[in-house]
Amino acid sequence: MTSPGENLRINGERLWESLMDMAKIGPGIAGGNNRQTLTDEDRQGRALFQRWCEEAGLTMGVDKMGTMFMTRPGSDPDALPVYIGSHLDTQPTGGKYDGVLGVLAGLEVVRSMNDLGIKTKHPIVVTNWTNEEGARFAPAMLASGVFAGVIPIDHAYARQDMDGKTFGEELERIGWVGDEEVGARKMHAYFEYHIEQGPILEAEEKQIGVVTHCQGLWWLEFTLTGKEAHTGSTPMTMRVNAGLAMSRIIEMVQEVAMAAQPGAVGGVGQVKFTPNSRNVLPAKVVFTVDIRSPDIDKLNGMRATIEKRAAEICAGIGVGCAVEAIGHFDPVTFDPTLVGRVRSAAEKLGYSHMNVISGAGHDACWAAKVAPATMIMCPCVDGLSHNEAEEISPEWAAAGCDVLLHAVLETAEIVD
């Protein structure tokens with residue numbers, strides 16, 4: 001096996017051009033992207049990615065969750081592939097880099113290998129996972145969760161968006177129901193490159209985040225049932241106000257997360273009132289509490305406290321309270337050997353680096369259940385993500401992709 005030389009680099013200009021071209025599909029209203037999963041914009045992004053991959057000599061497989069697997073063959077037909085993956089779908093007000101960087105960096109790794117005539121023992125598969133964001137269909141990381149065997153495919157197909165459309169129907173509508181059984185593929189290793197989505201790397205002036213762990217998560221969907229009534233003519237003492245209960249629960253979530261410091265976060269990002277009229281007290285309020293921690297005992301303790309105190313809050317004002325866990329994964333420890341290869345690549349290439357724990361969930365969290373896995377991160381300006389103002393530099397993007405190239409080649413084994 002030949003080790004990649006320290007002068008080996010990807011084509012940073014080509015990577016950046018690909019990012020900007022993909023960003024033209026599903027443009028947002030403030031410089032970012034709205035390319036939510038299984039929309040027409042998602043279909044267009046998939047088609048562009050497919051064309052680029054086929055031009056690079058990759059062959060496509062698609063599973064029944066619509067996940068795209070683009071394969072560069074290896075020299076050993078029996079060797080398991082090294083996977084590089086992330087996602088092309090975005091938040092409703094998403095940036096141009098979250099997820100997309102990891103997919104297109106995987107493509108750039110292959111393009112650079114083609115340019116340099118590099119062959120590997122193991123095949124390399126660039127992957128676009130379906131519905132990583134979970135913005136339209138909860139939970140997040142849906143397709144990789146089915147792949148890892150933790151989410152039944154029938155459950156995934158039945159997930160509904162806010163308009164009542166199901167995942168299965170929309171996947172069929174955009175024409176991306178594949179024929180591969182989900183999870184049938186076996187992996188030698190899995191790498192994912194992503195923006196940090198936090199402020200630490202930029203603040204510490206580090207180019208590379210060597211991701212050692214990922215926080216665990218609970219998404220708790222609360223359905224509060226009140227009494228629909230006129231806001232002007234219903235006396236304050238006679239109201240059954242689901243909106244009031246929600247506000248008290250949100251404040252309580254803040255208190256619970258602060259009491260669990262350090263190493264815990266909690267908040268609410270999505271709320272739906274029914275009937276959602278200016279002068280009508282809501283009959284129903286649905287919202288999702290998002291709590292995270294790298295400590296599983298702390299994570300589960302927060303969940304138990306929040307559910308207990310929410311029930312007490314609602315009972316105190318006569319509001320019905322139901323809760324469903326709609327998303328979950330335990331904290332993840334990434335493979336030490338792959339983590340070491342990422343760190344060694346950064347050192348060999350002369351890039352400043354530090355260990356980081358991912359605060360966000362990623363497809364790598366589920367991939368780690370079925371294969372050795374790890375992640376690489378690059379800084380993002382002010383730590384801003386899930387926002388159209390999300391920004392990185394071309395230099396940051398290229399540095400992380402260089403590290404990805406070297407770590408992948410070390411794992412896929414260069415052949416002469």
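Tutor: A residue is called buried under 20% relative accessible area, exposed over 50%, and partly exposed in between, using a 1.4 Å probe and protein chains only. The model is predicted, so local features need a pLDDT of at least 70 and side-chain atom pairs a pLDDT of 80 or more, whereas totals for chains, interfaces and linings use all residues. Residues are numbered from 1 along each chain as its sequence is written, and side-chain values use heavy atoms, leaving out hydrogens and water.

Side chains of opposite charge can pair when their charged atoms come close. The structure holds 17 salt bridges, each being a side-chain nitrogen of Lys or Arg within 4 Å of a carboxyl oxygen of Asp or Glu.

One of them is formed by D402 and R9, whose closest N and O atoms are 3.5 Å apart. D402 belongs to helix α12 (residues 394-412), while R9 sits in the segment before α1 (12-23), so this pair ties together parts that are 393 residues apart in sequence. Helices here are DSSP runs of H or I with at least four residues, numbered from the N terminus. The two partners can also be described by their accessibility. D402 is buried, with a relative accessible area of 3%, whereas R9 is partly exposed, at 33%.

The side chains of D115 and R14 meet in a salt bridge of 2.8 Å, N to O. D115 is found in helix α3 (residues 100-116) and R14 in helix α1, and the two residues are 101 apart.

R303 and E307 join their side chains in a salt bridge of 2.9 Å, N to O. These two residues are 4 apart in helix α9, which means that about one helical turn separates R303 from E307. An α-helix has 3.6 residues a turn, so residues three or four places apart point the same way. R303 is partly exposed, with a relative accessible area of 22%, and E307 is likewise partly exposed, at 23%.
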